[in-house]
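Please look at the sequence and the model first.

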Amino acid sequence: MTGQDALRVALDRLCPMHLWLDPGGVIRHAAPTLVKLRPRTALVGHGFDAAFRLLRPRPCSEPPGALPTGLRLQVQFRDAPATAFNAIALPAPAGGLIVNLGFRMTMPEALRDYPLTSADFAPTDPTVEMLFLIEAKSAAMEAQRHLNLRLQGAALAAEEQAQTDPLTGLKNLRALHDVLSRLVNDGDCFALMHVDLDHFKAVNDSFGHDAGDHVLRKAARIMQSVTREGDTVARIGGDEFLLVFPGRQDRARLSRIAARLIAGLERPVRVRDHLCRVSASIGIALSRDIPGAPPDDLIRRADAALYASKRAGRGRFTFAGTAVPPDGASLA
Amino acid sequence: MHGLINKALQAFLTQTYGAALWRRVADDARLGFAGFEAMLTYDPVLTDRVLDAACRALGRDRDGLLEDMGTFLATSPALPGIRRLLRFCGATFEEFLLSLDDLPDRVQLAVPDLRLPTITVEDRGGAFFLVTCQPEWPGFAPVVLGLLRAIADDYGVLALLDPGGDGVIEVRLIDRRFADGRAFRLGAGSA
């Protein structure tokens with residue numbers, strides 16, 4: 001074996017993706033892994049320029065002159081699949097060039113195009129380790145993603161089942177329905193008070209949502225202060241509340257509660273340097289007016305009474321099925 | 001114990017013996033939940049209880065069951081990733097065997113909080129190897145034994161594998177080209 005042959009055998013193992021060009025730029029030898037990408041006949045005997053396009057450094061002429069040596073090059077197969085490679089060209093011992101190629105970041109796709117095995121890479125080449133890492137990390141990420149999806153689902157379910165309004169700490173609509181269903185099923189009488197804050201939108205618009213949230217929390221405390229234990233206060237919308245008074249059917253008592261509530265809510269709330277002013281319109285429905293009716297019917301009656309209060313000028317309360325009093329405080 | 005290990009045990013029991021058996025085992029082991037999450041960590045006591053419950057339910061000894069689990073991990077079509085990741089470790093079975101001591105590091109690269117027990121491989125000459133698993137996890141050696149049996153088939157070699165006690169596995173390579181073995185290409189999405 002001549003020295004040249006021995007070198008070639010060594011290079012085939014050390015750099016299994018190299019090409020040997022003669023001084024005219026014609027490929028004289030292609031290392032074994034490159035031959036797996038293109039048949040030997042498509043490489044050996046052809047000019048390097050005929051098989052590869054030089055991407056970087058961008059050639060000034062087409063076809064380009066001799067390959068620059070000692071620089072990091074980027075080349076690409078001219079025919080499909082147009083795999084791109086990093087490359088370096090260095091002078092060969094007896095003239096010509098040795099060009100070594102390596103896969104770039106697109107290696108996972110390149111490996112889909114070619115049936116390569118670890119034997120096709122030099123044992124010192126970290127490509128196989130990289131592929132291992134890519135697959136292992138993808139699998140771990142996928143497992144993590146599944147866990148996240150399940151946790152997200154669990155969080156949504158928990159939220160769904162929750163009975164508390166996170167902003168005010170009052171009951172939410174779900175909790176309210178539970179309370180009402182229980183009362184109706186047990187045949188207990190009760191009163192419903194539907195409260196809607198007046199001018200709340202103006203607070204939000206003028207002073208921001210922080211101020212609005214503050215007013216809502218304050219309103220929640222006022223509503224809790226006018227109710228007894230056993231009553232339910234629920235926030236059922238942005239600035240809408242429903243109060244349930246089990247056992248109460250006395251209009252005079254309910255009127256006093258409603259008037260106290262309006263008076264409490266009308267007290268200005270200081271948020272930073274601003275005084276926020278709201279009021280409340282209230283509709284009240286009594287279960288004994290339509291005995292055995294489903295809770296939704298009573299809520300609708302309270303709602304209709306609330307809108308009667310609004311139409312009559314806000315800041316007042318109305319009993320369902322009655323005329324609107326001329327002034328909210330008149331029954332207090 | 002890392003959720004991946006528990007989940008692997010659950011997958012092995014569910015896919016080999018059915019979901020009903022898994023439910024019985026989970027119940028008997030007083031897990032308190034339906035199944036393990038791969039990316040959470042659990043009290044090692046739970047893994048132990050699941051193994052005990054599975055052995056009771058199936059009337060099997062622990063080592064035999066764990067060996068089957070090792071084979072399952074390397075061969076189950078439901079978990080093609082594991083076989084692929086193992087095959088990345090060597091171009092030939094011998095290379096694979098000699099790189100087994102890298103396995104804990106490789107696993108940790110992928111899942112930083114999963115640390116497998118140390119594995120050492122001794123080439124005793126004459127195609128005889130000793131694989132030793134450190135005793136951190138008592139059931140680890142039988143799993144590796146089952147896994148090695150399956151991987152030897154995958155590479156197409158004929159090897160005799162025997163438990164040598166104390167976490168040691170004796171590997172005698174009889175024929176390096178016994179069968180064709182399964183092809184392994186580096187490209188993802190291939191065999």
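## Helix pairs and a sheet

Helices α4(B) and α8(B) cross in the right-handed sense; a crossing is right-handed if the near helix is turned clockwise from the far one by less than a right angle, and left-handed if anticlockwise. This is a predicted model, in which local features need pLDDT of at least 70, side-chain atom pairs count only at pLDDT 80 or more, and totals for chains, interfaces and linings use all residues. Residues are numbered from 1 along each chain as its sequence is written, chains are lettered from A and ligands numbered from 1 in the order in which they are written, and side-chain values use heavy atoms, without hydrogens and water.

Helices (H or I, at least four residues) and strands (E, at least two) are DSSP runs numbered from the N terminus. Axes are lines fitted to C-alpha atoms, for helices over the stretch in contact, and angles run from 0 to 180 degrees between N-to-C directions.

| Helix pair | Angle | Axes |
|---|---|---|
| α4(B) (62–75) and α8(B) (140–155) | about 40° | 6 Å apart |
| α1(B) (3–17) and α3(B) (44–58) | roughly 15° | within 10 Å |

The angle between α1(B) and α3(B) therefore makes them roughly parallel, whereas α4(B) and α8(B) are oblique. Angles under 35 degrees count as roughly parallel, over 145 as roughly antiparallel, 65 to 115 as roughly perpendicular and the rest as oblique. The crossing of α1(B) and α3(B) is left-handed.

Contact means heavy atoms within 4.5 Å. Residues of α1(B) that meet α3(B) include B:Leu9 and B:Leu13, and among those of α3(B) are B:Val50 and B:Leu51. This contact of α1(B) with α3(B) has seven nonpolar, two polar and no charged residues. Ala, Val, Leu, Ile, Met, Phe, Trp, Tyr, Cys and Pro count as nonpolar, Asp, Glu, Lys and Arg as charged, and the others, Gly among them, as polar.

Chain A holds an open sheet of five strands in the order β8-β9-β7-β12-β13, with mixed pairing; two strands pair if DSSP finds at least two bridges between them. Strands β8 (232–235) and β13 (317–319) of chain A are at the edges with a single partner strand each, so one side of each has no neighbour in the sheet. From one strand to the next, the twist averages 15°. Three bridges join β12(A) (residues 279–286) to β13(A) in the parallel sense. A:Ile284 has A:Phe319 in β13(A) as its bridge partner.
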